[in-house]
Amino acid sequence: MRKVPGRFITLEGGEGAGKSTQLALLAAALNRRGIEVVTTREPGGSPGAEDIRALLLTGEHERWTARAEMLLLAAARNDHLSKLILPALARGAWVICDRFIDSTRAYQGSAGGLHDEEIMAVHRIACAGIMPDRTFYLKLPAHVALARARARDGNKNDRFGSRDTRYHDRLIDFFDQLLKTESVRVFGVDACGESESITDRLMDALRDWL
Ligand code: TMP
């Protein structure tokens, strides 16, 4: 058990689920309650991990195998955790991170063909198996999310966003499954509707900590 005063919250979901908007709105709502919040993202979040992000997101589809991606992500996550997340939690801040290990389990695991056990074994080696205290899975029907992501990114899709609908369906299946298998940590939040109402739903799901 990690015994530090802060809270570690992650946002997960497919492409175009509105995670970055909710990250900012949720942080602002918690700030108004007097809570110090650090917002961050993966891959990335620390200078070294941002360098690895650039390696992961640019280039041809075939640039990396799913296994190489997993190992790059694990190195980036180790750097991010040790340089940013753990120090923030230790001083009592709440950390909200856009994607974390569940994204690796969904993208490289469920959609990329790696076994969940091997991903979690690498996570134990790279990051002492640290898991978020609470994870919000922003739920949006896959076709709506994909249309949103396309409208936002146009043709500038990265190596992951430009994959086909079947790949994205497998991601969604993983997150839906996670709601059942890790129901104490993972909360499903309806990501349809106005941004402010979605933030209200997130705040409601944090009320036991407020
Ligand atoms: P973003 O679009 O949410 O910024 O994420 C960048 C891409 O990286 C996104 O398509 C998902 C992908 N990704 C993985 O494949 N595995 C991971 O572990 C993480 C954190 C992201």
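Buried means under 20% relative accessible area, exposed over 50% and partly exposed in between, with a 1.4 Å probe and protein chains only. The model shown is predicted: local features need pLDDT of at least 70, side-chain atom pairs count only at pLDDT 80 or more, and totals for chains, interfaces and linings use all residues. Residues are numbered from 1 along each chain as its sequence is written, and side-chain values use heavy atoms, leaving out hydrogens and water.

**View A. Strand S3 (residues 94–98) and its side chains.** Strands (E, at least two residues) and helices (H or I, at least four) are DSSP runs, numbered from the N terminus. In S3, 5 of the 5 residues are buried, so the strand is largely enclosed by the rest of the structure. Trp94, Ile96 and Asp98 point one way, while Val95 and Cys97 point the other way. In a regular strand the side chains alternate between the two faces of the sheet.

**View B. The partners of strand S3.** Two strands pair if DSSP finds at least two bridges between them. Strand S1 (residues 7–12) pairs with S3 in the parallel sense over 5 bridges, and Leu11 stands opposite Asp98. Strand S2 (residues 37–41) also runs parallel to S3, joined by 5 bridges; here Val37 stands opposite Trp94.

**View C. Helix H4 (residues 101–111) packed with helix H7 (residues 165–181).** The angle is about 130 degrees and the axes are 9 Å apart. Axes are lines fitted to C-alpha atoms, for helices over the stretch in contact (heavy atoms within 4.5 Å), and angles run from 0 to 180 degrees between N-to-C directions. Residues in the contact include Tyr107 of H4 and Phe174 of H7.
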